[in-house]
Structure formats: C-alpha cells, structure tokens
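Please open the structure in a viewer and keep the selection tool at hand. The stops below are meant to be followed in order.

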Amino acid sequence: MSSTEVKKIEELANQEYKYGFVTDIESFTLPVGLNEDIIRQLSAIKKEPEFMLEWRLKAYRHWLTMEEPHWSNVKYPAVNYQNLSYYSAPKKKPALNSLNEVDPELRATFEKLGISLEEQMRLSGVAVDAVFDSVSVATTFKEKLGELGIIFSSFSEAVRNHPELVKKYLGSVVPSTDNFYAALNSAVFSDGSFVYIPKGVRCPMELSTYFRINAANTGQFERTLIIADEGGYVSYLEGCTAPMRDENQLHAAVVELVALDNAQIKYSTVQNWYAGDKEGKGGIYNFVTKRGACRGVNSKISWTQVETGSAITWKYPSCILQGDNSIGEFYSVALTNNRQQADTGTKMIHLGKNTKSTIISKGISAGKSQNSYRGLVKIARKAENARNFSQCDSLLIGDKCGAHTFPYLEISNPSAQVEHEATTSKIGEDQLFYLNQRGISTEDAIGLVVNGYCKEVFKELPMEFAVEAQKLLSVSLEGSVG
Amino acid sequence: MLLEIKNLYANVEGKEILRGINLTVNKGEIHAIMGPNGSGKSTLANVLAGHSSFEVTKGEVFYNGKNLLELSPEDRAREGIFLAFQYPVELPGVSNTNLLKTAVNEIRKYRGEEQMDAVDFLQMIKQKMKLVELDDSLLRRSVNEGFSGGEKKRNEIFQMAVLEPTLAILDETDSGLDIDALRVVANGVTKLKSAENATIVVTHYQRLLNYIVPDFVHVLSKGRIVKSGGKELAVELEEKGYDWIKEKVVA
C-alpha cells in the first residue's frame with residue numbers, strides 16, 4: 001500500500017470508543033476478595049436454595065486447586081482474583097411490572113446505547129431481559145411467552161421458581177470443573193438468563209438480552225442456560241457494550257445450551273465491549289465458556305458471533321454432537337484493532353452417527369492487533385459418516401497486525417469426511433482505488449469491503465442484528481474520520 | 001472547455017512515464033489515445049483518475065475550471081470523472097447493486113442532491129442494464145467475482161451508464177473482448193454520448209474505433225503526444241503500424 005493509504009488506515013484505526021460513559025446509579029457491592037464467606041453472602045443475597053450454595057462451594061473448592069491457563073495466543077498482566085468484588089447490584093431494586101418503573105437514569109443509559117427497551121418491544125416484538133450489572137431489572141413479554149409454556153427469566157429467578165430444571169441441566173454441558181474460568185464462574189456467578197422451550201413449541205420471537213458491565217472493579221460472571229425440549233425451537237440474541245474505564249475488567253461468562261430430540265437452538269452474539277485505549281489500557285478481558293449439547297437425534301445448535309470489542313477475547317463456542325444426525329454450526333466474525341487480542345474459534349465434537357458440522361470463521365485484523373482462530377474438529381470412534389466443513393479466512397488491514405490459524409483435527413473413524421479451507425488476504429490498494437474512483441471515500445470503501453467479506457456470517461444473523469453488526473464494524477473501523 | 005492538460009509529467013516508482021502531455025477536450029467530443037505498449041496510455045488514464053501510485057512531477061490539469069490535481073480520487077469521481085478500468089478488481093461479498101447505490105448516493109450528497117430511494121434506484125439500474133445487455137443476476141452477484149473477461153468490461157460500461165459521468169475514460173476497454181462483446185460495449189458507449197459529456201478512449205488497436213467513432217485521434221509515444229488528427233489517423237496507423245510513428249518522431 002502507498003504511504004497515504006497506510007496513513008488513512010492508521011487514522012481510522014485510531015478513533016475513540018464511541019460508547020464510553022459510566023452511569024451514576026448507586027450500587028450495592030460486596031467487599032473485594034473471594035472466600036467461602038463471600039460465596040455464602042452472595043447466595044444469601046440472592047435467596048438461593050441450599051443446593052445452589054452447595055454447588056457454588058463445590059466449584060469454588062475445585063477452583064482453588066486449578067491454575068490459570070496460559071496456552072492461548074494472548075498476553076496480559078496477571079489478574080488478582082482477591083482484588084475483585086464478586087457482586088454488584090443497583091441498590092434500589094424494585095419488583096417491576098413495567099418498564100415505567102425502571103430507574104430513569106438506567107433508562108437513559110440504554111437510550112445512549114441506542115437500545116431503547118420500549119422501541120424494541122414496540123417495533124420488533126423482541127422480549128428483552130436486560131441485565132444491568134449483575135441483576136435483571138426488566139423482564140418483558142413474560143406473559144405472552146408464559147402462555148406457550150416458555151420460561152424466559154433471569155437466572156436468579158429460575159433458581160427460585162424452577163429449581164428442578166436448573167438442578168437437572170446446570171453444569172450438564174459445562175461442568176463446574178471444566179476449566180479455570182468456568183469453575184470460577186460456577187462459584188460466583190451473579191446472574192444471567194434462563195430459557196426453557198417446552199416440547200413441540202416454536203418460540204415466536206427472538207429472545208434478547210443486553211449485558212452491561214457498569215460498576216468499576218467488578219468482575220462479571222454471567223450464567224446462561226438454554227434448554228430446548230423435544231421439537232422445540234428458539235433464537236436467542238446476546239449483545240453488549242460497556243462504559244469506558246481505566247481498570248481492566250474481567251468477564252468470565254458461561255453459556256450452556258441443551259437441544260433434545262429434534263430441537264433447534266440458534267444463538268447469536270454481537271459483542272462490543274470496551275477494547276481499551278490505543279495502548280490497550282483499560283479494556284475488558286473476555287474469557288468465556290460457551291458450549292452446546294445436541295443431546296437428541298436430529299437436533300441442531302447454531303452459534304453466530306460478531307466480536308468487535310474487548311481488549312482480550314478468549315472464547316470457543318462449541319457443539320457436542322451426541323444425538324444421531326445432529327448438526328452443529330459456527331459462524332464467526334472477529335475484528336481486532338489497535339492492541340486488541342483475540343483467540344477464538346470453536347470445537348465440534350462428533351459423537352453420534354451422521355453428525356454434521358460447519359465452521360465459517362472470518363478474522364479481521366487492523367492496527368497492531370493479533371487475531372487467532374483456534375478450532376478443533378473431533379470425530380469419535382463411533383461417529384459413523386460424520387462430516388465437517390471448515391473455512392477460516394483472515395483479512396489484514398495495514399501491515400502491523402497479525403492473523404494466526406490453529407486448526408486441530410482428531411479423527412478416529414475412517415468414514416469421516418473433513419474439509420478445511422483457509423485464506424489470508426489484505427485489503428488491496430487496488431480495491432480501495434476502484435471504489436474511490438466510483439465516488440466512495442476510503443472510509444466507506446473499507447466498510448464495503450469488510451462487510452462484503454463478512455457476508456456469509458451476517459446472513460446467519462436475524463435481520464435487525466445483522467444491521468447492528470454492520471454498524472458495529474463500521475464504528476470499529478471508521479467512526480470519527482470525516 | 002472540459003479538460004485541459006498542460007505539459008504534464010508523471011512518474012511511477014521514480015521512473016518518468018509521461019513527458020509533457022498537452023491535450024484539450026471539449027464537451028460533446030470523443031478522443032482516442034493510441035500508442036504502442038509502454039507509451040504511457042494507461043498512466044495518463046490513472047493520473048487523471050488520481051491513482052496514488054503515480055506521481056505528477058510537473059504540469060497542470062484543469063477540469064471544468066478546477067485544478068484537478070488537488071482533488072482526491074473520490075472527489076474527481078463526484079465531479080463526474082469515470083474510469084473504466086483495464087483490469088476491474090473483484091470485490092467478494094459486495095454486490096453490484098450495493099456498490100452502485102453507495103456510489104450514486106455519495107455523488108448526490110457531494111452535489112447537494114437528495115438520496116435516491118430504493119425503488120427509483122432499482123428501476124434506474126434495470127433500465128441501464130439493457131444498454132449493455134447484462135443479465136439481471138449480475139446485479140446480485142459480487143462485483144466482478146467469477147465474471148468472464150467480457151462480463152467485467154460490460155460491467156464497467158454498465159457502471160458508467162448508471163453514474164452518468166461528464167468525462168469518461170475507457171482504459172483498454174477492448175482488450176480481451178470477442179467481437180460480439182466489443183459491439184455491445186461500443187454500442188453502450190455510443191448511446192451514452194451527448195453534447196454534455198466527453199469520452200477519452202485509450203486503446204492499442206484500431207478495431208474499437210470502428211464502433212466508437214472518435215472526433216480526434218492522438219498518438220502517444222514515450223510519454224508525449226507525437227501526432228494528432230481525425231479518425232482517419234487511426235486507420236493509417238492500423239495500416240502502417242506504430243513503427244511508422246516512431247520513424248517519424250526520430251526524423
């Protein structure tokens with residue numbers, strides 16, 4: 001590229017985070033530190049039944065025996081887990097019947113983010129379970145979903161109201177001993193979403209949760225559990241933005257999905273947490289365990305993610321294809337800029353016969369960022385006729401960033417068909433000049449090329465989300481240059 | 001006077017390619033620029049469009065009274081300059097429709113005009129497609145991806161039809177075209193001609209000029225226009241070859 005193009009791209013890469021602000025709502029926060037007392041207090045605040053406390057303590061005791069993993073292709077200073085507070089909730093927590101009862105300042109925060117709850121309810125028919133810091137403050141459309149027997153609530157409520165379901169499925173996909181961060185999450189998770197789709201029910205609307213990290217120095221540990229019973233269907237949307245701050249914020253969520261016979265779960269994420277300043281200071285650490293079990297025959301789980309935020313992203317939404325003929329899909333766009341680091345990908349574990357998986361990963365690196373795809377395709381001995389198709393593409397913008405691909409294949413059945421394609425490309429000066437020559441600015445030209453490159457993933461997103469995802473990419477790459 | 005090039009010099013990677021070009025183009029005219037390989041034809045086309053790999057070292061270019069060399073490539077396009085590329089690039093995942101809609105609206109914004117709504121836009125492009133006998137499916141496909149050589153060139157002329165430039169520069173648009181595609185492309189260009197616009201046709205061969213009849217023919221050699229004339233000059237060149245010009249220059 002010529003020096004002017006490089007300069008332009010550097011300018012684009014150097015824009016400030018648009019959604020940086022802190023809301024001034026009084027928070028109730030547990031003292032910093034982590035021990036059994038803190039966990040007991042946390043469980044008591046949340047009025048949890050005994051089994052939940054026991055589960056947490058068991059996870060905590062196991063966590064104490066574990067070491068923080070360092071195998072990923074990311075670098076960051078050590079996290080002091082005794083220096084975090086494990087619970088923070090808006091102090092005035094009323095029981096809400098409608099959005100009108102929500103704290104006006106909180107509402108204003110949502111408005112700033114451009115995710116007005118009212119608008120979403122009115123215009124798009126999306127039921128929103130908004131998580132502000134760690135506690136659900138608004139749950140909507142509950143009644144309508146209730147008529148169909150669908151449970152969509154905060155995780156805390158589910159623990160109190162549907163303990164039998166929680167007991168049966170919690171930790172059944174991601175055991176509390178699974179990994180360092182999952183164990184920590186299991187011990188101290190604050191809240192999250194719970195969804196249960198009964199037999200034969202097709203959820204008529206997209207279920208959506210906006211996560212938000214707000215109180216300074218509070219690690220956030222969400223827990224999400226989605227169960228689609230036999231023949232059930234649900235599409236779930238998760239989206240995030242976070243306010244600007246100086247301390248690094250740890251985020252270690254766990255998401256578990258269970259699809260029984262003939263059930264389908266579609267899980268879409270648009271993630272835009274604060275990535276830190278140009279030097280990478282102050283961004284979110286996003287260490288997430290997301291896993292789905294296609295437990296029943298003909299079941300299907302589809303992950304779609306658009307990752308543009310966080311200082312460090314470390315996540316591998318995975319599928320365990322247990323049921324015969326089950327299908328796992330992973331569609332991902334991961335964009336890194338400035339000093340962001342992402343190590344993300346998926347695991348497709350084929351256990352059942354005739355299981356199929358598809359992996360489409362699109363990495364985009366700009367600035368001085370490092371972007372790694374890491375994926376495992378495992379075909380077990382008894383998985384007859386398993387098939388996988390993987391496509392991992394990397395796009396480089398500028399010449400100071402890096403793209404890495406780590407594909408792992410473990411195949412124990414000779415009937416398996418596994419295909420892997422990988423490409424690395426650069427946004428070409430010729431492409432940009434061609435678009436310039438059609439009257440399109442370099443900024444918009446980069447947007448067009450990048451969005452075109454991600455098209456295969458965007459088409460998997462629900463319509464409104466696809467629009468939001470395109471906007472996010474634009475914000476991440478273009479923003480203030482005019 | 002639409003375009004006035006005065007004593008233009010330009011380098012590529014430190015090597016001098018254009019050595020004092022003088023050319024004047026008025027509205028309503030078609031100019032053909034001919035010359036052997038390496039004479040600077042494509043360089044001239046790219047310099048006019050503002051490609052950053054080409055460095056102008058001397059001379060002036062005025063377009064509609066404005067100093068063209070001070071404008072960014074996108075502003076030149078918005079001012080009505082269109083380059084039909086010799087090698088159109090592929091843009092995976094970017095549909096022709098999306099590209100053109102963005103381009104049309106960017107140009108309109110620059111000119112202080114209203115954005116075109118989706119229905120009007122679709123109607124307009126459907127109509128323009130007929131001009132170059134392009135299939136509807138090419139609208140939804142990614143720009144130039146998997147297009148044949150002929151389709152790419154026709155697509156360039158289609159984009160030109162949509163963007164309605166004041167000054168169109170066709171850079172070796174005939175290269176790689178069979179005779180049918182050549183006829184289609186040339187018909188498109190001819191139909192787009194009006195008293196309000198001008199066209200510069202850059203070509204190595206005379207055959208395109210059987211279809212697009214130029215008002216003026218200029219012969220480029222070693223970065224200079226060494227001979228100018230009417231359309232009959234192209235025929236003479238075809239008969240006698242470029243060596244004839246070279247000899248004349250030496251003499």
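The model is predicted.

**Chain A as a whole**

Select chain A and display its secondary structure: 13 helices and 23 strands are assigned there. Colouring by accessibility shows that 63% of its 482 residues count as buried. Turn next to the contacts within this chain, considering those with a separation of 6 or more; residues 24 or more positions apart account for 84% of them.

Over all chains, the structure holds 16 aromatic pairs. Select A:F152 and A:Y236, which form one that is edge-to-face, with 6.4 Å from centre to centre and 90° between the planes.

**A cluster of rings**

Select A:Y60, A:W63, A:Y81, A:F180, A:Y181, A:Y285, A:F287 and A:W314 together. Ring pairs link these residues into a cluster.

**Charges over rings**

Select A:K362 with A:Y453: the lysine lies over the face of A:Y453, at 4.9 Å from the ring centre. Then select A:R374 with A:F406, where the arginine lies over the face of the phenylalanine, at 4.6 Å from the ring centre.

**The interface of chain B and chain A**

Now display both chains and select the residues in contact between them. Chain B contributes 33 residues and chain A contributes 22 residues. About 2,100 Å² is buried between the two chains, and carbon and sulfur atoms give 61% of that area. On the side of chain B, highlight B:E74, B:F85 and B:V89, which lose the most area to chain A and together make up 22% of what that side buries.

Which residues form the salt bridge across this interface? The rule finds 1 salt bridge between the chains. Select B:E156 and A:R438 to see it; their closest N and O atoms are 2.7 Å apart. Between chain B and chain A, 11 residue pairs are in polar contact, with both residues at pLDDT 80 or more.

To place the contact on the fold of chain B, select α1 (41-49), α2 (73-78), β6 (81-84), β7 (91-95), α3 (96-110) and α6 (149-163). Each of these elements supplies at least two residues of the side that touches chain A. Helix α3(B) gives the most, with 6 residues.

**Two loop residues with positive phi**

Remain in chain B and select B:N64, in the loop between β4 (54-63) and β5 (66-67). Its phi is positive, about 50°, although B:N64 is not a glycine. B:N64 is partly exposed, because its relative accessible area is 40%.

For the last stop, select B:K222, in the loop between β11 (216-221) and β12 (224-229) of chain B. Phi of B:K222 is also positive, near 50°, in a residue other than glycine. At 61% relative accessibility, over the limit of 50%, B:K222 therefore counts as exposed.

Methods: Residues numbered from 1 in each chain as written. Chains lettered and ligands numbered in written order. Predicted model: local features only at pLDDT ≥ 70, side-chain atom pairs only at ≥ 80, totals over all residues. Heavy atoms only, no water. Phe/Tyr/Trp six-rings, centres within 6.5 Å; stacked < 30°, edge-to-face > 60°. Lys NZ or Arg CZ within 6 Å of the ring centre and 35° of its normal. Helix = DSSP H or I, 4+ residues; strand = E, 2+ residues; numbered from the N terminus. Buried < 20%, exposed > 50% of the residue type's maximum accessible area, 1.4 Å probe, protein only. Contact = heavy atoms within 4.5 Å. Buried area = accessible area lost by both parts, 1.4 Å probe. Salt bridge = Lys/Arg side-chain N within 4 Å of Asp/Glu carboxyl O. Polar contact = N/O pair within 3.5 Å; in protein donor to acceptor, adjacent residues only side chain to side chain.
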